[in-house]
Every structure is written in structure tokens, then in C-alpha cells.
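Hi everyone, thanks for making time for this.

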Amino acid sequence: ALADAFGGCAGLRLATACPRLQFTALSGRLAFDDRGTLSTPELRARWGQTPLVAAIDTHAVGSAAARTRVALSGPLDIELMARALPSPWWRFVTGQTTAHVTLTLRHADIGRSLQTQDPRHTPPPVELTLASDLRGVAVQVPAPLGKAAAATRPLHVQTRFVPQAPLEVSARYGDLRLRAAFDRDAQGMLVERALALTFADELPRSILDQGVFLRGHLPALAVTPWLDWYHAAAAPGPPSPPPSRWRLHPSTLTIDRLTFGARALTDARLWLAAPPDSDWTLRVEAQEAAGTVHIPRDTARRPPTDPG
């Protein structure tokens with residue numbers, strides 16, 4: 001019964017905050033010491049049809065910092081993640097990997113949740129972290145973001161689910177830091193609103209506007225593969241391009257070595273402007289040359305391959 005009760009808190013309650021993130025079929029042994037501290041040598045659980053190994057422990061029982069932590073390890077299918085956190089960008093990611101997920105429930109939040117007068121019960125917030133080396137996952141975009149399935153790249157994700165509230169997810173993927181902001185639709189489902197990407201820079205504390213934000217420093221970047229990828233991704237027919245709300249805000253990158261077609265530029269500074277109703281403009285300044293490229297939104301037209 002205790003396992004069922006905790007399963008309701010970590011599964012059903014979390015599912016209310018994020019309806020597609022449910023952990024079920026908890027089984028195993030629970031142990032308490034004389035201070036009321038809970039520990040488990042090993043539990044079993046499931047996320048959908050995915051089997052997981054789980055461990056539960058409590059910390060600082062009796063204090064304001066008291067919390068219960070659920071640690072889950074097992075295979076992670078990208079399709080399952082895409083259903084839990086809908087985004088148009090998942091279509092470039094495929095495969096399965098091993099992940100370690102930690103859910104933390106603070107006892108003070110649980111107490112406030114239980115004191116509510118709402119007969120439907122308000123579930124407490126849940127803090128979530130996820131870590132993986134992403135072996136087995138392919139990211140089908142050009143370098144430096146892309147990776148082959150056989151390669152490894154550290155991923156660390158953290159967020160805090162609050163029932164029926166907007167959500168922000170922070171992550172580190174190799175040298176890239178990102179933050180995604182989600183709103184909720186009329187049915188309470190999460191809908192991605194904005195994405196901030198930085199290389200070797202600090203992330204903004206919050207994202208207020210819709211769209212994509214990009215900035216930072218890179219040791220190397222090849223522009224032509226990204227132009228080819230953009231035109232292939234935005235071509236008519238499946239897979240469909242990202243929604244129109246995904247406008248790219250004016251972006252700046254500094255790049256030690258920038259290649260553009262056959263030309264290599266050093267100590268480059270790159271500005272990218274993407275107005276919602278006109279062609280994109282790519283401005284480059286480097287030691288060897290400077291120039292501007294106009295990237296047509298009409299994918300039937302192709303941009304020049306070198307800055308002029």
C-alpha cells in the first residue's frame with residue numbers, strides 16, 4: 001500500500017503536471033530507520049512500456065529542507081521523450097540511449113498540497129533532472145550540433161514541473177547550453193514557445209518572446225552544410241517545417257575558423273537576422289574578408305555559396 005501511495009505521488013501527481021510523464025508499476029522493498037528516513041535498495045518501475053530500475057530515499061527529515069528523491073535508470077526512447085515534451089525539433093533526433101532520471105519532491109510542497117481545500121487535490125511541484133551520454137542517439141543536423149548514433153555526448157537536463165503552470169527546461173548538450181520555454185494550451189498540454197541556444201555563454205535567466213535565440217563562441221563552423229540543411233528541412237512535403245512562431249531573433253556568433261563554400265575565414269564575427277516576412281540576412285566580418293549573404297525564404301531560390 002505504501003508503494004502504491006508513493007507511486008501515486010511520483011506517477012499520477014507528476015502526470016497532472018506533465019500528463020505524458022508517468023511512472024507506474026512500482027515494486028520492491030521500502031525501509032525506514034528510527035528517524036523516519038526512507039531508503040530502498042532497488043525498486044522496479046515503468047515509463048510507458050520502458051522498464052526502469054528505481055531507488056527512493058529521503059533527506060533532512062524533520063527539517064524545512066526535507067525532501068524525497070526518486071532515482072530512475074534505464075533505456076530512454078527518443079519517441080517517448082517527444083511525446084512527453086512536444087517540440088518540432090524532435091524530428092531531427094532518433095534512437096534510444098540509457099538515461100538516469102532524478103525526481104525530487106520537497107516535503108513542504110507536499111504538505112501545502114495536502115492542505116488545499118480543492119477536492120480534486122493540487123499535486124506538489126516536482127523537480128526533475130536527466131543525465132545521459134546519448135550513445136545510441138543520432139542528431140541529424142550539421143556540426144557542431146549533430147552527432148552519429150555511435151558517438152557519445154553528455155546531456156544534462158533540469159526542470160521543475162508545477163501543475164498547470166508554464167514550464168522552462170534548462171539543458172547542457174556538450175558545449176551547448178539551451179533553455180526551452182513551454183506554455184499550456186486550453187487543455188493544459190505543454191506547447192513549446194521559445195528556445196535559447198548559447199555556446200560558451202551564460203543563458204538568459206528567462207525567455208519572454210516567442211522564437212529562437214542564438215549567441216556565443218565556436219572554434220569552427222561550416223556555413224554551407226547548415227544552408228543545405230535549412231533548405232532540405234523547409235522543403236515542401238513531410239517532414240513539415242517548424243511552425244511559423246519559430247522566428248529566429250537577431251543572433252551573433254564569434255568563430256575562430258569559419259568556412260563558407262571553399263573559402264575559410266579566421267577570427268570571424270557572424271550576424272544573422274531573420275525577419276518573419278522577408279529573406280534572412282547573414283553578415284560576416286573576418287580578417288580576410290567581409291560580406292553579406294541573403295538567404296531566400298523561398299526555398300526554390302538558392303543563396304550564393306560565398307560572401308561577396
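Let me start with a question: what percentage of the 308 residues in the chain is made up of buried residues? It comes to 41%. Please keep in mind that this is a predicted model.

Now the overall layout. The chain has 4 helices and 18 strands. Its accessible surface is about 15,900 Å², and 56% of that belongs to carbon and sulfur atoms. If you take the contacts between residues at least 6 apart in sequence, 46% of them join residues at least 24 apart.

The largest nonpolar core holds 63 residues. Leu72, Leu130, Leu258, Leu270 and Leu282 are the ones with the most contacts inside this core. Which strand gives the most to the core? That is S7, with 5 residues. As background, nonpolar side chains in soluble globular proteins tend to be buried together.

Let's zoom in on Leu270. Setting aside neighbours within four places in sequence, Leu270 touches a list of residues that includes Val223, Leu253, Ile255, Leu258, Leu282 and Val284. Ser251, Thr252 and Arg283 are also among the contacts of Leu270.

Val223 brings us to helix H4. Which residues of H4 are buried? They are Val223, Leu227, Tyr230, His231 and Ala233. Looking down the axis of H4, these buried residues fall within an arc of 165°, so they line one face of the helix. And what covers them? The cover includes strand S14 (211–222), strand S15 (251–260), strand S16 (263–273), strand S17 (280–285) and strand S18 (290–295).

How many aromatic pairs does a search of the whole structure find? It finds 2. One is Phe92 with Trp229, a tilted pair with 5.1 Å centre to centre and 55° between the planes. This pair links distant parts of the chain: Phe92 sits in the loop between helix H2 (78–84) and strand S7 (93–106), while Trp229 is in helix H4 (residues 223–233), and they are 137 residues apart. Phe92 counts as buried because its relative accessibility is 9%, and the cut-off for that is under 20%.

Then there is Trp226 with Trp229. Their ring centres are 5.3 Å apart and their planes are at 75°, so this pair is edge-to-face; the cut-off for that label is over 60 degrees. Both residues are in helix H4, and since they are 3 residues apart, about one helical turn separates them. In general, an α-helix has 3.6 residues a turn, so residues three or four places apart point the same way. Trp226 counts as partly exposed, at 21% relative accessibility.

Next, the charges. The count of salt bridges comes to 7. Arg160 forms a salt bridge with Asp109, and the closest N and O atoms are 3.4 Å apart. Why does this pair tie together separate parts of the chain? Because Arg160 lies in strand S10 (residues 155–161) and Asp109 in helix H3 (residues 107–114), parts that are 51 residues apart in sequence. Asp109 is buried, at 9% relative accessibility, whereas Arg160 is partly exposed, at 35%.

Arg160 also meets Glu127 in a salt bridge, at 3.1 Å from N to O. Here, too, distant parts of the chain are linked: Arg160 in strand S10 and Glu127 in strand S8 (residues 126–132), 33 residues apart. Glu127 is partly exposed, with a relative accessible area of 22%.

Another salt bridge joins Arg283 and Glu285, with the closest N and O atoms 3.8 Å apart. Are these two buried or partly exposed? Arg283 is partly exposed at 31% relative accessibility, and Glu285 is partly exposed at 37%.

One last stop is Arg44, in strand S4 (residues 43–47). Arg44 counts as partly exposed, at 43% relative accessibility. Arg44 and Ser73 are 29 residues apart in sequence, and their C-alpha atoms are 9.7 Å apart in space.

That's my tour, and I'm happy to go back to any part of the model.

Conventions:
Residues are numbered from 1 along each chain as its sequence is written. This is a predicted model: local features need pLDDT of at least 70, side-chain atom pairs count only at pLDDT 80 or more; totals for chains, interfaces and linings use all residues. Side-chain values use heavy atoms; hydrogens and water are left out. Rings of Phe, Tyr and Trp (its six-membered ring) pair if their centres lie within 6.5 Å; planes under 30 degrees apart count as stacked, over 60 as edge-to-face and the rest as tilted. Helices (H or I, at least four residues) and strands (E, at least two) are DSSP runs, numbered from the N terminus. Buried means under 20% relative accessible area, exposed over 50%, partly exposed in between (1.4 Å probe, protein chains only). Contact means heavy atoms within 4.5 Å. Accessible areas come from the Shrake-Rupley method with a 1.4 Å probe; for residues, only the protein chains shown count as cover. A salt bridge is a side-chain nitrogen of Lys or Arg within 4 Å of a carboxyl oxygen of Asp or Glu. A nonpolar core is a set of buried Ala, Val, Leu, Ile, Met, Phe, Trp, Tyr and Cys residues joined through side-chain atoms within 4.5 Å. The arc is that of the directions from the helix axis to the C-beta atoms.
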